[in-house]
Amino acid sequence: MSEVMNVAEIFGKNVFNETVMRERLPKSVFKKMKKTIEDGAELDPSIADVVAHAMKDWAIERGATHYTHWFQPLTGVTAEKHDSFISAPDAEGKVIMEFSGKELIKGEPDASSFPSGGLRATFEARGYTAWDCTSPAFLREDACGVTLCIPTAFCSYTGEALDQKTPLLRSMQAIDEQSLRILRLFGNTTAKRVCPSVGPEQEYFIVDRQKYLQRKDLIYTGRTLFGAMPPKGQELDDHYFGAIRERIGAYMKAVNEELWKLGVTAKTQHNEVAPAQHELAPIYDQANLAVDHNQMVMETLKKVAGRQGLTCLLHEKPFAGVNGSGKHNNWSLTSDDGVNLLNPGDTPHENIQFLLVLACILKAVDTHADLLRESAADIGNDHRLGANEAPPAIISVFLGEQLEDVIDQLCSTGEATHSKSGGTLKTGVATLPDLDKDATDRNRTSPFAFTGNKFEFRMVGSSDSIAPANVVLNTIVAEAFKEAADELEKADDFDTAVHDMIKKLFRDHKRIIFNGNGYSDAWVEEAGRRGLPNIRSMVEAIPALTTDKAVKLYESFGVFTKAELESRAEVEYEAYGKMINIEARTMIDMAGKQIIPAVIKYTTQLAGSLGAVKAACPEADTSVQAELLTETSALLSDMKVALAALIDITEEAAGVEGAETQAHVYHEKVVPAMAALRAPADKLEMIVDKDLWPFPSYGDLMFEV
Ligand code: ADP
Ligand code: MG
């Protein structure tokens, strides 16, 4: 029997959470701290020293030697700079362990090594990190020892956001204010805060580390750049929810243990559609915690894999032709007095409120589909969105049969008088029908699906931060709420006004609803007729960030300034060009130094055997060897031509000035040249003797974990 894990005992063990604070802080300080967290306010400097002191003692008792401000720059991963607690030695050469309130609240990492998309030039080189005290400090155990991590936001000295978290916190403030206005209109006087709740489902692949280390493409780019499909793929569907293999089981157990210690509520785990693919989902939490926790989940998945001789691939498309990985971002709005605004509810009042919220969300998603699409744009996701795989690049909303029926009635006749089947949900307004409470069946092909009491945004890439998607959701819905509240607060007859508004919103934005098969070609055509944008790639998605519409939206809620938006677009173009350049150069290296030499060896052996057979027995039929030799030589020459072309075009792209122009050259010229090199190489892999092939195959990677 293995050791028994006591979950209750380890859960949150490495978190400086409310329980720890209650134990360790003087009562008055604890009260202030708790209020700061609840209000999402800044930490009162007068208590900072006391909090820092308690935090330091707690951390040191648990073996911590260093602390770090943990933040999320625009690289998509987290960053940190470690400082030890020790002070300068005193006269007797003794050191003490120090950590002041100032060090807790504010850090000054060198901003110049993080992408800023021109903001640095315009403003200042320095940046600072500030504690987001709604996200608790935690201890991380790894090869560096134990480190106290303080979750922070990262800004320039003039206040421009250089990270994912700052705009997220700003957007949470926007949705909080506007949601409260909606609740007040419906008579709620008790709620003080409305917070977006987020639960991200994380997909990933696990491969054997020794095999991983034999592939430069996996090492440098996180995905395979060459690789023929194995004889068995995912067609049998035998892996999905299948029994979890022993090695993976041990891995998941270790991951859960680490995450639970960090207070991350890792809840479900199962195999995914593709072989070697798995999923982990936590219980939902308030948006900024969910974003932090998702980063911890990704870090932990990688770290624990390394310890167990495995490698976790978070790339959106590690294997061509095999299902890729994404992240389902489940999103809803919850008030501090326990109302989920996306829950249809039990009273007539709540039902109308729900329909208004729903109508506002439809308007938001329809109006800003381009921004939502952009929030899921990353380099790896270009292989999923709009390619032969889920989800489509077109934003649409799935509501389920019953809600759509209600909306249809409202739109066509101006009133809805009946509802399809089921348990009822009273609306109290004669022209609105009763709704079936659980009318949301599943539609796995929709990018934005209503699933009972939340929306599930399914476009985000598996390696990406979920912050941008939630910034967009919070802000666009805040805008729709604001416009509704502005009008309704002035209305003389609220009931009639809200009823008319719901009808109008549904009518105006009905085109965004689609309940059918989102993967079909027919939908692409239909969406075109409806005028819905179909943005097929990252470089085509980025301009959405800086349209007049986007600038107006973000500036009016103080989420981004125009300069911040421009800087983000610039960072994304740069990141795209850099990554494709690495991919192209890795291909050039593998093709020239590994594949072509292996194929030459094979053809030499083949020619040798052909000659030997002919010499020994002139009458023997050597047509098979001869045909193989001809075919292999032809593919080899195709490869050589494609390699030369890729070398030229990559060099040309690297010399192009301007991040945007350059990103387009990489996308429109280098990416097709990479595909042209891959095609003959993958055919050769099917022909050449396995012993000669220079690295592990798809089959080796996916079926032998
Ligand atoms: P699925 O069937 O899509 O896997 P689950 O019920 O397992 O759905 O939930 C998936 C994720 O959605 C989990 O992280 C869960 O905590 C989260 N979730 C559930 N309810 C809500 C909600 N009201 N708001 C946000 N996220 C939620
Ligand atoms: Mg789901």
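Strand β6, residues 145-156, is mostly covered, with 9 of its 12 residues buried. The model described here is predicted. The domain assignment divides the protein into domain 1 (7-163), domain 2 (172-560) and domain 3 (574-703).

**Strand β6 and its partners**

- Strand β1 (residues 64-71) runs parallel to β6, and 6 bridges join the two.
- Within this part of the model, Trp70 has Pro151 of β6 as its bridge partner.
- Strand β4 (residues 127-131) pairs with β6 in the antiparallel sense, over 5 bridges. Ala130 stands opposite Ala153 of β6.
- Strand β5 (residues 138-142) also pairs with β6 in the antiparallel sense, through 5 bridges.
- A hairpin of 2 residues joins β5 to β6, and the bridge partner of Asp142 in β6 is Gly145.

**Helix α10**

- Helix α10 comprises 16 residues, 246-261. The distance from its first C-alpha to its last is 23 Å, close to the 22 Å expected at 1.5 Å a residue.
- The buried residues of α10 are Tyr251, Val255, Asn256, Glu258, Leu259 and Trp260.
- The cover over these buried residues includes the helices α1 (7-10) and α11 (287-307), together with the strands β7 (194-208), β8 (266-271) and β11 (310-313).
- Gly263 follows α10 and has a positive phi, near 75 degrees.

**The surroundings of ligand 1**

- Ligand 1 is surrounded by 15 residues, of which Gly199, Tyr284, Asn330, Ser332 and Lys454 are the closest.
- At least two residues of this shell come from each of β7, β9 (277-282) and β12 (327-335). Strand β7 gives the most, with 4 residues.
- By residue class, the shell around ligand 1 holds 6 nonpolar, 7 polar and 2 charged residues.

**The contact between domain 2 and domain 3**

- The C-alpha centres of domain 2 and domain 3 are 39 Å apart. Their contact takes 21 residues from domain 2 and 26 residues from domain 3.
- On the side of domain 2 that touches domain 3, the elements giving two or more residues are α9 (216-221) and α18 (538-541).
- Helix α9 provides the largest share of that side, 4 residues.
- The residues on that side of domain 2 divide into 13 nonpolar, 4 polar and 4 charged.

Terms used. Residues numbered from 1 in each chain as written. Chains lettered and ligands numbered in written order. Predicted model: local features only at pLDDT ≥ 70, side-chain atom pairs only at ≥ 80, totals over all residues. Domains from an automatic or database assignment. Contact = placed C-beta atoms within 7 Å. Nonpolar A, V, L, I, M, F, W, Y, C, P; charged D, E, K, R; others polar. Expected span 1.5 Å × (residues − 1). Buried ≥ 20, exposed ≤ 12 C-beta atoms within 10 Å, placed from the backbone. Near = placed C-beta within 6 Å. Pairing = 2+ DSSP bridges.
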